[in-house]
Amino acid sequence: MAKYIFVTGGVVSSLGKGIAAASIGCLLESRGLKVTCQKFDPYLNVDPGTMSPFQHGEVFVTDDGAETDLDLGHYERFTHAKLTQSNNLTSGRIYEQIIARERRGDYLGKTVQVIPHVTNEIKAGLKRVAQDVDVVIAEIGGTVGDIESLPFLEALRQMRHEQGRGNCVFVHVTLVPWIAAAQELKTKPTQHSVKELRGIGIQPDILICRSERFISQEMKEKIALFCDVDVEAVVTARDVKSVYEVPLMFAGEGVDDIVCRLLHLNTGERNLDRWTAMLERMQNPRDEVTIGLVGKYVEYEDSYKSLKEALLHGGLAHRLKVNIHWIEAEGVLGPEWEKQLEGYDGILVPGGFGKRGIEGMINSIRYARERKVPYFGICLGMQTMVIEYARNVCGLEGADSTEFNPGTPHRVIFKLRELKGVDELGGTMRLGSWPCKLAETSFAYGAYGTREIQERHRHR
């Protein structure tokens, strides 16, 4: 039977619950355990596919075509878990499933309620991903005290009751702020956050205390006393230069030792040799490259989270430091726009939707083509590359995509044939892993070294 680790957050959002969950997964894998990670999002959207990147950050696409929360990207980068649609559930999807059953009459005339119907659906989602793994790490989005997250927390409380205390561990990520005026750390926000959690019947086993300063042993003892946790389970989670340092920081605090003791897991010693070697390459590069990323959502870097990490990983493979400069596509217009693109080793235009910023992207592509700067176009970046070449090399004046200009005389980019007549936005694109056959004379074939590849898609 699988064991469960539930990760909640308190005080404020954006404390790094996803990184914490992924890091715990990394440590447990280093001990030989098989783990999977799951994210519950309390918002009423069915999935984040139709949400603005400025609201939510990137949409992470899984192999099976699910549009999911960006935290699933952290889970895949930190562990070997193969994630699917089942690894990300929102309130919207859960209510959609329940209402569909109610309309069919599946509840046989019963009153459909949050308890037990919604909580049962959440518990069923947890058990669905627990097949063939040793540990399920489930993260609850939002902050303890939010109204919309209450059904999820109640479901977790019930899970511990049903599965037994030796099979479930609660990890609470909280904040210990540094007050500059007083020149000291304050524990009161953490105390109140744990009080809120205990008020709904959940006693945390481990507190991960985010702080910009070192938390002393004396302060840990104070937190342990007021929050009723073991003092060794009060973990300092200081700010680090790279999120890839977090597993080592948690290892130093003995987080995996505590988890294994509480869940009665008999494992080998942790082996982080490969992870440590990766960090050594990251911290000691032989050279560096600078990439200009011309995008529509660069004001919020999480909009391109996986892309940023992929560039960093590519640099790691060659022991290079990758510097990414974020360039707003709408700004690559007007007099002297070329100056914004000078000095880069490569230019990348990523995906996006809508007409805004297209002309700036086309200018960037023309600059790269004429000055022979290596260029990489992904999704919309590939489409705008076709438009630029059609206009400026093939002489097809006014060439465009039908997405931006349905009346263009030269439709060089056209909506996927199978989506003609489909007007709904959610879940209607080409999504997930698709096979692709590469021409043997192409740069892509040279990079992959094989004729057929699988890559994840998200486009129309």
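The lining of the largest cavity divides into three nonpolar, six polar and no charged residues (Ala, Val, Leu, Ile, Met, Phe, Trp, Tyr, Cys and Pro count as nonpolar, Asp, Glu, Lys and Arg as charged, and the others, Gly among them, as polar). You can find these residues in the predicted model as Thr-8, Gly-9, Ile-140, Gly-141, Gly-142, Thr-143, Val-144, Ser-149 and Leu-153. About 30 Å³ of space lies inside, and the structure holds one cavity of 30 Å³ or more. A cavity here is a set of points, on a 1 Å grid over the protein atoms alone, where a 1.4 Å probe fits but cannot get out; a pocket is an open set with protein on both sides within 12 Å along at least five of seven lines, and lining residues have an atom within 4 Å of a point. Grid points are joined across faces, edges and corners, and a volume is the space filled by probe spheres set on the points.

Now for an open space. The second largest pocket has a volume of about 990 Å³. It is lined by 42 residues, and the closest to its centre are Ser-14, Leu-15, Gly-16, Lys-17 and Asp-71. Helix H1 (17-29) is one of the elements that supply at least two lining residues, and strand E2 (35-41) and helix H9 (246-253) are also among them. H1 gives the most, with four residues. By type, this lining divides into 16 nonpolar, twelve polar and 14 charged residues. Helices (H or I, at least four residues) and strands (E, at least two) are DSSP runs, numbered from the N terminus.

Next, follow strand E14 (residues 346-349). Both of its faces are covered: Gly-346 and Leu-348 on one side and Ile-347 and Val-349 on the other are all buried (under 20% relative accessible area, with a 1.4 Å probe and protein chains only). E14 pairs in the parallel sense with strand E12 (residues 287-295) over three bridges, where Ile-291 has Gly-346 as its bridge partner. E14 also pairs in the parallel sense with strand E15 (residues 375-377), again over three bridges, and Ile-347 stands opposite Tyr-375 there. Pairing requires at least two DSSP bridges between the strands. With helix H13 (residues 358-370), E14 and E15 make a right-handed β-α-β unit: with the strands pointing away from the viewer, the path from the first strand over the helix to the second runs clockwise.

Finally, step back to the whole chain. Of its 460 residues, 50% count as buried.

Residues are numbered from 1 along each chain as its sequence is written. In this predicted model, local features need pLDDT of at least 70, side-chain atom pairs count only at pLDDT 80 or more, and totals for chains, interfaces and linings use all residues, while side-chain values use heavy atoms, with hydrogens and water left out.
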